[in-house]
Amino acid sequence: VVDITGSAYRRPGAKFLIEDDGRTIGGVSGGCLEADVREIAQHVIRSSAPRLQHYDTGSDDRTVWGLGLGCNGSVDIFVQPATDPVMLEMLRAVQGRLDGSDNFAVATVVSGPSDVGRSIVVPVTADRTDSSGNAELDRALARLASSALSAGKSRIDRLDSHIVFSDVLIAPPKLIVCGAGDDAVPLVAYAADAGFAVTVVDHRSAYLTPERFPAARRLVEVRPDSGVAALGVDARTLVVLKMHAFEQDRDWLRLFLQTQAPYIGLLGPRGRAEKLLALAGSPSEQRVFGPVGLGVGAEGPEQIAISIVAELLAVHARQQPGHLRERGAAIHAL
């Protein structure tokens, strides 16, 4: 997705991979566009010619492509071969950055009389392999990508007779889960699926295994008396304490209160959280959420994990949770 107008299910930058046998990963809408995009992608695979596709998802009497979606918006989708030499060069430049903690951007020509599909990645590194093959175009694309990266938002720009999409890729927020008990298993899995880079911390090696937490970025065997320096806590790190041991949660809480972590969730009842905060000397600390999670009537580890991940998403996005039907504005409008 490179551009939207009005209401749309996915934002610019959403991706959909279509293999030549029809298998797919990801998505560009709520499911209403994927079948048509898949068909177009098959033509693009055969022709190796990138294509910018426009969809009007307005009311049924203003349909384009006969889809009749009734979603009151429009979506522009750029379809390009994923295995041609130009794309592979860009992907090699991107691959090494995806596991890092730095933000970056990819500027791609999505329409124009020439160079459609050409990309450049910023910040530019000394050993760069990505290039449009045109030094003047490289500089222009780099300027657009750098501007979008500074603004922190993917966007469309016009460059003479070309249209350029700058895809800003923000490093995933970090989540530290202290406690590798059975109830941490669904929390780590759901949080990773929701886009968090999850670190699981525990001093019990038998619980801290890749088989239990295949989606975790890191498994760290450590006790609170070793400190949190090795955990890389910063202002984009969220924390959930669920050691099921009062003293362990107390010690971890004291440590994380000394960091920039904007969210510290405490498992257990309100009285337990208040006692922990009092012992930590911070009875009114607003970064601490205890009991952890949103009030959705959750029961059992899976539902509780969903309520926690929902709260994590709301805090990270700086949104006040509530029913979408009570919002005055369109929920996906830009």
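Arginine 318 counts as exposed because its relative accessibility is 78%; here exposed means over 50% relative accessible area, buried under 20%, and partly exposed in between, with a 1.4 Å probe and protein chains only. What we have is a predicted model, in which local features need pLDDT of at least 70 and side-chain atom pairs count only at pLDDT 80 or more, while totals for chains, interfaces and linings use all residues. Residues are numbered from 1 along each chain as its sequence is written, and side-chain values use heavy atoms, with hydrogens and water left out.

Back to arginine 318. This residue lies in the segment after helix 7; helices are DSSP runs of H or I with at least four residues, strands are runs of E with at least two, and both are numbered from the N terminus. Although not a glycine, arginine 318 has a positive phi of about 55 degrees. Histidine 244 also has a positive phi, near 60 degrees. The loop between strand 13 (237–241) and helix 5 holds histidine 244, and at 53% relative accessibility this residue counts as exposed.

Why pick these out? Most residues other than glycine have a negative phi, and most peptide bonds are trans.

Now the cis bonds. One runs from valine 122 to proline 123, with omega near 0 degrees. Proline 123 sits in the loop between strand 7 (119–122) and helix 3 (135–151). Another joins glycine 290 and proline 291, with omega about 5 degrees, and proline 291 is in the loop between strand 15 (288–289) and helix 7 (300–316).

Next, a helix pair. How do helix 5 and helix 6 cross? The axes of helix 5 (residues 246–256) and helix 6 (residues 270–279) come within 9 Å and cross at roughly 50 degrees. Axes are lines fitted to C-alpha atoms, for helices over the stretch in contact, and angles run from 0 to 180 degrees between N-to-C directions. The two helices are therefore oblique to each other: under 35 degrees is roughly parallel, over 145 roughly antiparallel, 65 to 115 roughly perpendicular, and the rest oblique.

On the helix 5 side, the contact is made by Phe246, Asp249, Arg250, Leu253 and Arg254, and on the helix 6 side by Arg272, Lys275, Leu276, Leu277 and Leu279. Contact means heavy atoms within 4.5 Å.

Last, aspartate 249, in helix 5. Buried or exposed? Aspartate 249 is buried, with a relative accessible area of 1%. Leaving aside neighbours within four places in sequence, aspartate 249 is in contact with residues including His244, Arg272 and Leu276.
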